Amino acid sequence: MNLWLIAATALLPGLIPCLVVMMASARPIEWFIAAQLAGNLLVLEFVLLAYGLQRPAFADLGLILALLSFPSGFLFTHFLERWFP
């Protein structure tokens, strides 16, 4: 096990509070914030796994997730504003 995989393993517990907030919260803005934080953590996970496992496809997946998180955040807030004024 190399340093990249140790760092990826150390970041995994950070997803648990995000999931708890998404499941337990009643406010939609907290869902959005937790989902954005989980997305950022997953991008870091994919990049660390790409270096740790020597698989460049994981880095591509992380890059795609990073590029799609910004417009998806705008889309989510647009519908959030429409459904919960």
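The side chains of arginine 27 and glutamate 30 meet in a salt bridge, with 3.4 Å from N to O. The structure, a predicted model, holds 1 salt bridge.

**Salt bridge**

- Arginine 27 has 49% relative accessibility, so it counts as partly exposed.
- Glutamate 30 is also a partner in the α2 contact, on the α3 side.
- At 29% relative accessibility, glutamate 30 is partly exposed.
- Side chains of opposite charge can pair when their charged atoms come close.

**α1 against α3**

- The crossing of α1 past α3 is left-handed.
- From α1, the contact takes in Trp4, Leu5, Ala7, Ala8 and Leu11.
- From α3, the contact takes in Leu41, Leu44, Glu45, Leu48, Leu49, Tyr51, Gly52 and Leu53.
- Sorted by class, the α1 contact with α3 has 11 nonpolar, 1 polar and 1 charged residues.

**α2 against α3**

- α2 passes α3 in a left-handed crossing.
- On the α2 side, Leu15, Cys18, Val21 and Met22 make the contact.
- They meet Glu30, Trp31, Ala34, Ala35, Leu37, Ala38, Leu41 and Leu42 of α3.
- The class count for α2 with α3 is 11 nonpolar, no polar and 1 charged.
- Leu41 of α3 is listed in the contact with α1 and in the contact with α2.

**α3 against α4**

- α3 contributes Pro28, Ile29, Phe32, Gln36, Gly39, Leu42, Val43, Phe46, Leu49, Ala50 and Leu53.
- α4 contributes Phe58, Ala59, Leu61, Gly62, Leu65, Ala66, Ser69, Gly73, Phe76, Thr77 and Leu80.
- By class, the contact of α3 with α4 divides into 16 nonpolar, 6 polar and no charged residues.
- Leu42 of α3 is listed in the contact with α2 and in the contact with α4.

**Residues of α3**

- Leucine 49 sits in α3.
- Its relative accessible area is 25%, so leucine 49 is partly exposed.
- Beyond residues up to four places away in sequence, leucine 49 touches Leu5, Ala8, Gln54 and Phe58.
- Leu49 is listed in the contact with α1 and in the contact with α4.
- With a relative accessible area of 46%, leucine 44 is partly exposed.
- Leucine 44 and alanine 8 are 36 residues apart along the chain, and their C-alpha atoms are separated by 7.8 Å.
- Asparagine 40 is another residue of α3.
- Asparagine 40 counts as partly exposed, at 44% relative accessibility.
- From asparagine 40 to leucine 65, 25 residues along the chain, the C-alpha separation is 8.6 Å.

**Alanine 66 in α4**

- Alanine 66 lies in helix α4.
- At 34% relative accessibility, alanine 66 is partly exposed.
- Alanine 66 and leucine 44 are 22 residues apart in sequence and 9.4 Å apart, C-alpha to C-alpha.

**The loop between α3 and α4**

- Glutamine 54 lies in the loop between α3 and α4 (56-83).
- Its relative accessibility is 65%, so glutamine 54 counts as exposed.
- Glutamine 54 has a positive phi of about 60 degrees, although it is not a glycine.
- Most residues other than glycine have a negative phi.
- Glutamine 54 is one of the residues that leucine 49 touches.

Key. Residues numbered from 1 in each chain as written. Predicted model: local features only at pLDDT ≥ 70, side-chain atom pairs only at ≥ 80, totals over all residues. Heavy atoms only, no water. Left-handed = near helix turned anticlockwise from the far one by under 90°. Helix = DSSP H or I, 4+ residues; strand = E, 2+ residues; numbered from the N terminus. Contact = heavy atoms within 4.5 Å. Nonpolar A, V, L, I, M, F, W, Y, C, P; charged D, E, K, R; others polar. Salt bridge = Lys/Arg side-chain N within 4 Å of Asp/Glu carboxyl O. Buried < 20%, exposed > 50% of the residue type's maximum accessible area, 1.4 Å probe, protein only.
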